[in-house]
Amino acid sequence: MSRISFHQITQALGSLRRPGSARALLLTATVPLIVTVAGLSVLVAFEARRLSEREIAELETQLIEAKKRELKNYLALARTAIARDYNPALPDDAAAMERVKQTLAAMVYGSDGFIFVYDYSGTNLVAPRQTRLINRNWAGLRDVADTPVVDELIDLARAGGGYHSYLWTKPSTGETERMVSYVIGLQDWQWAVGTGIFIDDVLETVSAARAETEQRIRATFGWIAAITTGALWIVFLVGVIIVMRDRRRADRKLKALTLRIFDTQEEERGRVARELHDSISQMLVGVRYALELARRRLASGDARASDNLDRGIANLSAAITEVRRISRDLRPSVLDDLGIGPALQALCEEFEQRTGIHTEFETVVFSNRLAPEAKTAFYRIAQEALTNIERHADARAVKLSVFGHKEGATMRISDNGKGIDASGGRGAGSRGLGLRNMHERLERLDGRLTVTSTAEGTLIDATVPLTHLLPPDTLGGPRRAPNLPQSDSDRPVSEGTRR
Amino acid sequence: MSPASPEPDKFAPGARHPGVAPQARPVRVMIVDDHPMVAEGIEAILESYDDISVIATLSSGQEAIDRVADLRPDVILMDLNMPGVNGLSATEMILETRSDTRILILSMHDTPEYISTALSHGARGYLLKDVPTEEIKSAIDQVMQGERYLCTGTRAAITPQTADGRVPLTNREQTILLQLALGKSNREVAEVLDISVRTVETHRKNIKAKLGISSTAGLTRYALEHGVLQGTGVRL
């Protein structure tokens, strides 16, 4: 393979940009890819989020449960510590109450932990780290999120004990954070004894976990995007390469075709030149000799002059016949003068006479409806097909027909020979070339060639689209040549002519 | 050359056999050929006969159509292959107005398809250009006798038919079929084509006979199915 030039690449890119097969190819490759990737991404993100959300919730529950167990432990300790004073005391034993208060007030832990006590009316009795609360009634206190705090704690205490979560000012920093409290009731004294613990660290851990998940999802998206872009580039590059290769192949084909056309043209010219020189020139020279001799004999009164004239006339007639033959071989005038029907009819008759193969021709009653280029294509295809049949098909009967229909015009050639596939060996090559010629002729006219070949024979359908039927308006109009291509010439026409 | 001369009336439509009195006046011959050398050659040859008068030598089919009413020829020697209106179309159109004109098609081609097509367009004979010159005179004589003339060697087996037995439509008949298929009445077709209603009727009858179709709707369908109406917007 030769190297790929920049020019070729730009050409290939150009053809990708142009609407056509290259772009269609690229679209069919990329659109499903993009759709699939997008769909998968959304699904993956959704699932990942759901899973991690579940995990995070579990983590949160576990952490808070641990805190709650801790609280319960603290209170169990407290309960044990005051048991000595509380258990034997009477409901109005003020001294015992004072001792219990002191015991509880001493039980501080960590930087923020302490035991608090409210009586059931809402008055704070113990709050060693927030002493401003002490001896004031806090019934009806709500936190900044409007959650009842003290009332709820007292209710829980009345019921025996329980957890409550609310926003509370952190003694160590003075900031409002969420806390969880556990409270039990000293029913004899109508006291609610509890302790709380801030769970801001738990919440932080949870939100950090959440952020990490988000981060991971985003990273995954990044990877997906990168991989997709890579894939798209690969598709694009492959597309460019395919287009370039196709273009090269087409170029090569075109070059070969051009070469073949030149060769054929040269060969044809050589043949015509030879025929003109070998036959026509020689005949005309003969005529000239005869005429000159006749003139000399006339001048000298020789009666044989008329013999020479006769000879000259005979030679001229032969020359005319010869010109007619050469001209017909080059292009049958009947095709231009009378149309495809009579031309094919003549072709078939001549074929039958030459080969002895029974040949039928059928056409509709219209003439000269095909545009010149389509006529020529049909005629040449018929010639090629008949040549193939004569050389390779071993057929006994051939049927040729031309008919118009709603999609255009079709020429059908069928034979009862042995079919194309069966004819291997020497004949196959030239026959293949013939079929390619037919294809190419029709391709140029946006037409279609279908070849159906079985052991029972071959059927060739050559179709040209409606655009190659002459439009009917060339038929109309008064006093005008109805359907000749030349009828559009600008020669003067009589009045009343319409175009 | 004067169309006002009373003499040609003898040979006006209806006089079937003017050849019975060849001495009465020379046969009026018109030559239509776009090759001047051929036209001049034929004229020179014909002028050498006393009973033939070449009244005009024209170079196109259109000219022949335009001037035939004034010149009133008995015989027209018409070249088949001319630019513009070709010999076959010109023949048809001339015969529409002067049906008794005897038209001989001149041609270089000797294939049977040419001859049958010429006859189907109404020509009385088909004359190869490279026949011996006496043949031209005898062809004129023969068609003046009311007979067909087909050049030597190709007289055999000339039937203007397609292989399936149908007679092909002439150019003019195709034009008229198109007009009829478009839904035009005889009168409208006559107006468009600048011919008489009776001529249209004759053509219509011939078309129906040739196609084996009896109704106008049938004609339209036939035309549509065979791609004749392409581009006219007609749908069935």
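**A helix pair, then the sheets**

Modeller: In chain B, helix α6 (residues 171-181) and helix α7 (residues 186-193) have axes that come within 10 Å and cross at roughly 130 degrees. Axes here are lines fitted to C-alpha atoms, for helices over the stretch in contact, with angles from 0 to 180 degrees between N-to-C directions. Helices (H or I, at least four residues) and strands (E, at least two) are DSSP runs numbered from the N terminus.

This is a predicted model: local features need pLDDT of at least 70, side-chain atom pairs count only at pLDDT 80 or more, and totals for chains, interfaces and linings use all residues. Residues are numbered from 1 along each chain as its sequence is written, while chains are lettered from A and ligands numbered from 1 in the order in which they are written.

Back to the pair. α6(B) and α7(B) are therefore oblique to each other (under 35 degrees is roughly parallel, over 145 roughly antiparallel, 65 to 115 roughly perpendicular, the rest oblique). The crossing of α6(B) past α7(B) is right-handed, meaning that the near helix is turned clockwise from the far one by less than a right angle. On the α6(B) side, the touching residues are Thr175(B), Ile176(B), Gln179(B) and Leu180(B). They meet Val189(B), Val192(B) and Leu193(B) of α7(B). Contact means C-beta atoms, placed from the backbone, within 7 Å. This α6(B)-α7(B) contact has 5 nonpolar residues, 2 polar and no charged.

Chain B has 9 helices and 6 strands. Of its 236 residues, 44% are buried. Buried means 20 or more other C-beta atoms within 10 Å of the residue's own; exposed means 12 or fewer, and partly exposed lies in between, with C-beta atoms placed from the backbone.

Now chain A. Its secondary structure comes to 10 helices and 10 strands. Buried residues are 27% of its 499.

One open sheet of chain A has 5 strands in the order β2-β1-β5-β4-β3, with antiparallel pairing. Strands pair if DSSP finds at least two bridges between them. Strand β1 (residues 115-119) of chain A runs antiparallel to β2(A), joined by 2 bridges. Tyr118(A) has Asn124(A) of β2(A) as its bridge partner.

Two helices pack on this sheet. Helix α3 (residues 94-106) of chain A touches β1, β2 and β5 (191-198) of chain A, and its direction makes about 70 degrees with that of β2(A). Helix α4 (residues 150-158) of chain A touches β1, β3, β4 (176-186) and β5 of chain A. The direction of α4(A) makes about 30 degrees with that of β4(A).

Further along chain A is strand β7 (residues 397-405), with alternating side chains. Val398(A), Leu400(A), Val402(A) and Gly404(A) point to one face and are buried. Strand β6 (residues 358-363) of chain A pairs with β7(A) in the parallel sense over 6 bridges. In that pairing, Glu360(A) has Lys399(A) as its bridge partner. β7(A) also runs antiparallel to strand β8 (residues 408-415) of chain A, with 8 bridges. Val398(A) is bridged there to Asp415(A). A hairpin through 2 residues joins β7(A) to β8(A).

Technical notes
Nonpolar A, V, L, I, M, F, W, Y, C, P; charged D, E, K, R; others polar.
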